[in-house]
Structures are given as structure tokens and as C-alpha cells.
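Please read the following note beside the sequence and the model. The points are numbered so that each may be checked in turn.

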Amino acid sequence: MSAVPPPYASPVREAASAAALTDDERSRILAKSAQFAPPSAVLPDGRRELVGLSREELTEILLEIGEKPFRTKQLWHWIYHQGVTDFSRMSSIAKPLQEKLAERFVVSRPQAATVQTSSDETRKFLFRFRDGQEAETVYIPDRREDRGAVCISSQVGCTLSCTFCHTGTQGLVRNLGAAEIVGQFMAARDSYGEWPSPKGETPRLLSTIVLMGMGEPLYNYENIAKAMKIIMDGEGIGLSRRRITLSTSGVIPMMDQCGDELGINLAISLHAVRDDLRDELVPLNRKYPIADLIAACRRYPAASNARRITFEYIMLRGVNDSEADARELVRLIAGIPAKVNLIPFNPWPGSRFQPSTREQLDRFANIVMDAGFASPIRMPRGRDILAACGQLRTESQRARRQPSPTAVEGA
Ligand code: SAH
Ligand code: SF4
């Protein structure tokens with residue numbers, strides 16, 4: 001792609017009829033997603049993982065071993081409120097039952113293959129799952145207060161191939177299961193010792209979740225939904241839906257369902273305001289073009305003035321960062337309760353883009369702000385620890401192919 005985009009005659013294509021975005025399309029997406037299912041939650045020794053089960057599923061398997069439904073509440077408390085992984089520490093459960101549970105079940109975490117803490121306190125984890133697959137999780141503390149965001153991955157790799165994204169070069173290996181999604185958050189909390197789960201509005205170090213790691217969460221909707229319901233459950237981790245944001249490259253048919261069923265905040269990876277350019281940067285745009293995407297944002301059920309939609313816009317020098325782009329952006333999103341997150345491009349080896357200059361970033365941000373939208377510039381964090389999403393996994397794969405004693409450090 002050339003560095004300077006050609007002039008575009010019409011800013012956006014006509015919106016396709018909403019009828020095209022039918023239930024059929026949703027079913028097709030869910031069926032495709034099922035082909036990339038995570039491995040079984042049963043270990044080779046026959047024990048079953050309990051993390052990631054819904055309350056109903058937990059009750060069912062307890063009934064199967066002759067235990068009463070009230071045990072669900074008890075176990076839930078130990079697993080998600082106390083963060084206990086060892087049945088013998090579940091002190092409200094009698095010893096014989098602790099032993100019975102330990103024979104049949106496990107409560108585990110993904111293994112931390114790498115943990116790196118940046119000089120700015122950002123902590124990046126590479127988690128390894130039971131089948132050896134790996135995904136990245138990042139904790140980004142707030143500089144001013146005792147709180148922070150956990151950036152969680154939804155897939156190993158990604159089917160989409162956005163040209164600026166390193167994960168997009170990896171292809172999709174598989175979806176992460178609910179246990180692996182919840183597990184990333186729980187393992188990150190282990191690392192800070194933040195158990196038991198703080199109640200209600202008590203300050204938390206790990207206070208928000210952003211589904212902005214590797215993968216497209218709306219192409220793994222069922223596992224994401226199950227995991228978020230567990231995380232939002234008030235008797236466990238109890239994180240409010242207001243503190244969870246899902247980032248999508250624009251899988252429109254799943255956006256409505258996400259709003260209706262989960263009511264979490266939405267972030268849209270917009271990155272371009274004209275279809276020709278967005279077709280190249282975010283190839284999913286060929287299927288779900290800008291006008292349809294913006295229409296879906298306008299009807300997103302959880303959006304309100306208090307719950308604004310975030311438009312993410314990666315600033316690529318000479319590609320999408322002109323003042324004309326900024327003006328078109330504010331025209332497109334006019335009337336939507338929104339903020340615009342300007343993301344300085346984080347280069348990776350072999351990437352074909354350059355980050356915008358600081359002056360251009362400021363010029364762009366000012367136009368967006370003058371139109372009444374908050375437009376924070378997301379400062380790059382953890383630059384010294386391979387912060388571009390997907391890079392840590394690639395490094396680890398390289399090291400595993402050619403083992404060297406220092407390439408992958410233990411946690
Ligand atoms: N697939 C989803 C969520 C994961 S990507 C999505 O695309 O929204 C999350 C964010 O990471 C995206 O907004 C993307 O813009 C950003 N991102 C990807 N590669 C990046 C890079 N090299 N530099 C800066 N941000 C990047
Ligand atoms: Fe996938 Fe998001 Fe990267 Fe695009 S930006 S390739 S959708 S992870």
C-alpha cells in the first residue's frame with residue numbers, strides 16, 4: 001500500500017440493508033467459531049477443570065457425584081471470591097468431601113511461561129495453556145491511583161489480518177475457552193496477590209478488563225460471554241459490566257447480541273474513515289463497511305452518555321492521520337455518545353507503517369476535541385518489553401524452536 005492514500009470520491013459506501021445482518025449470519029459465525037474450539041476441560045488423568053463452568057454446569061456435575069446444589073455456592077465462593085486452587089484450603093468444606101473433590105476435579109490457572117515487568121510497571125504475561133498454546137495478557141497500572149486495566153486475549157492468533165497488527169500475521173490457531181479467559185484474569189491477580197476479591201466499590205488494583213489482547217473476541221463470542229458472566233457474578237470476582245470493555249474490529253452481527261446479553265462497554269477499532277482505506281487496514285471492512293458499522297454503534301444497547309462507545313484509531317504516518325481524516329471522523333460519529341482513543345502505532349519487525357509525528361497526533365486530537373469528543377492519546381506503555389500485541393508469543397515460539405537458556409525466562 002502506498003503511504004499517501006488516494007483521494008476518495010465518496011467517503012463511505014451505502015449502508016447495506018439491516019436485513020442482511022440476520023440471525024443466519026450470526027449462526028454462521030457461531031458455527032465457524034465452534035470449529036476452533038479449545039481442548040477438552042478434562043485432564044488426561046480424568047480430573048475435570050472447574051474454572052470456567054457456569055453455576056448451572058457446576059451444579060450439574062456436583063449432582064452427578066451425589067452432592068447437593070448448595071455446594072455450588074460454596075465452591076464458587078472459594079474459587080472466585082477467595083481465589084483458592086487447593087481443595088484442602090476450602091475450610092468450610094469437610095475433609096472427606098475435600099478429598100472426594102480433589103480426586104475428581106482441579107481448579108487451576110494457565111501457566112506463566114514469561115512474566116516481564118516494564119520500567120513503567122506495565123506487566124506482560126505470556127500464558128501457556130494445557131495443550132502448549134500461548135496467549136498474552138497485559139496489566140497496565142494507573143499511574144496516579146491504585147487501580148489498573150487487564151488486557152485479555154480471546155484467541156490464539158486471529159483469523160483477521162489487519163495490516164498494522166502483529167497478531168494478524170499469525171493466523172488463527174484456536175479459540176480460548178472460558179476457563180482460559182477467566183484464567184488469564186485470575187492468574188494476573190495471583191501475581192499481585194489480590195485475593196479475596198474486593199467487594200463492591202472497594203478499590204482494586206486490577207479494576208478493569210479490556211478485551212483487547214490477541215484475537216477477535218466477537219469471533220469467539222460464546223466463550224467470551226461465558227467468561228464475562230463468571231467475572232461479573234457478584235458472589236465471586238464481581239467486576240461490574242461498566243468496568244469491562246470489548247474491542248472489536250467490527251463483527252456487526254455479534255455486536256447487538258453482546259450489548260443485549262452482556263451490556264459491557266464497546267470499543268470499535270475504526271482506524272480509517274473511508275472504506276477504500278479501511279478495506280486495506282482492516283480487511284473485515286469489505287464485509288462490514290463503515291456505514292453499517294456506525295449504524296450498529298448507534299443502536300448499541302449499552303451506549304449512553306455515561307457509557308460511551310470508544311472509537312480506537314491507530315495513527316499511521318501519512319496514511320490516516322490528516323486533518324481531513326479527523327474532520328471526517330467527527331462527522332461520522334456525530335451524535336453517538338463516544339470518545340476517540342488515538343493510538344500511536346507500535347512498530348514491529350517487518351511492519352510497513354510508521355507512527356505519526358507528535359505534532360500530527362496533536363493536530364488530529366485537537367480537531368476531535370473541538371468537536372466535543374474526549375480524545376485521549378493512549379501513550380505507549382511497556383515499550384521495553386515488546387508491547388506490540390502478538391510479539392511476545394512470536395518470540396516465545398522462536399525460542400522454543402531454537403531453545404536457548406536465556407530466551408524464555410520462567411515466571
Ligand atoms: N481484535 C480486536 C481486539 C484486539 S486488537 C480488535 O481489533 O479490536 C486491540 C487493539 O490493538 C486494536 O484496536 C488495534 O488497533 C491495536 N493494535 C494492534 N496492533 C497494534 C500496533 N502495532 N500498535 C498499536 N496498536 C495496535
Ligand atoms: Fe485481529 Fe484485532 Fe489484530 Fe485485527 S487488530 S488482526 S482483528 S487482533
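1. How many helices and strands does the protein chain have? The protein chain has 12 helices and 13 strands; helices (H or I, at least four residues) and strands (E, at least two) are DSSP runs, numbered from the N terminus. This is a predicted model, in which local features need pLDDT of at least 70 and side-chain atom pairs count only at pLDDT 80 or more, while totals for chains, interfaces and linings use all residues. Residues are numbered from 1 along each chain as its sequence is written, chains are lettered from A and ligands numbered from 1 in the order in which they are written, and side-chain values use heavy atoms, with hydrogens and water left out.

2. Of the 411 residues of the protein chain, 54% count as buried. Here buried means under 20% relative accessible area, exposed over 50%, and partly exposed in between (1.4 Å probe, protein chains only). A contact means heavy atoms within 4.5 Å. Among contacts between residues at least 6 apart in sequence, 69% join residues at least 24 apart.

3. The largest nonpolar core has 110 residues. Such a core is a set of buried Ala, Val, Leu, Ile, Met, Phe, Trp, Tyr and Cys residues joined through side-chain atoms within 4.5 Å. Helix α6 gives the most to this core, with eight residues. Leu 50, Phe 311 and Ile 333 have the most contacts inside the core. Not counting residues up to four places away in sequence, Leu 50 touches several residues, including Leu 58, Ile 61, Phe 87 and Phe 105.

4. Val 182 lies in helix α5 (residues 178–192). Is Val 182 buried or exposed? Val 182 counts as buried because its relative accessibility is 0%. Leaving aside residues up to four places away in sequence, Val 182 touches Val 51, Tyr 80, Ala 227, Ile 230, Ile 231 and Ile 237. The C-alpha atoms of Val 182 and Lys 229 are separated by 9.8 Å, and these residues are 47 residues apart along the chain.

5. Why is helix α7 (residues 252–261) described as largely enclosed by the rest of the structure? Seven of its 10 residues are buried, so α7 is largely enclosed. Among the buried residues are Ile 252, Pro 253 and Asp 256. The buried residues of α7 pack against α1 (23–34), α6 (221–232), β10 (244–248), β11 (265–269) and α9 (290–298). Gly 263, whose phi is positive, near 65°, follows α7.

6. Ligand 1 is surrounded by 19 residues, a residue being near a molecule if one of its heavy atoms lies within 4 Å of it. The closest are Gly 215, Ser 247, Ser 269, His 271 and Asn 346. An oxygen atom of ligand 1 is 2.6 Å from an N or O atom in the side chain of Ser 269. A polar side-chain atom of His 271 lies 2.9 Å from an oxygen atom of ligand 1.

7. The residues around ligand 2 include Cys 158, Cys 162, Cys 165 and Ser 249.

8. Glu 136 is in strand β5 (residues 134–141) and is buried, with a relative accessible area of 4%. A polar contact (a pair of N or O atoms within 3.5 Å, one able to donate a hydrogen and the other to accept it within protein) of 3.4 Å joins the side chains of Glu 136 and Lys 124.
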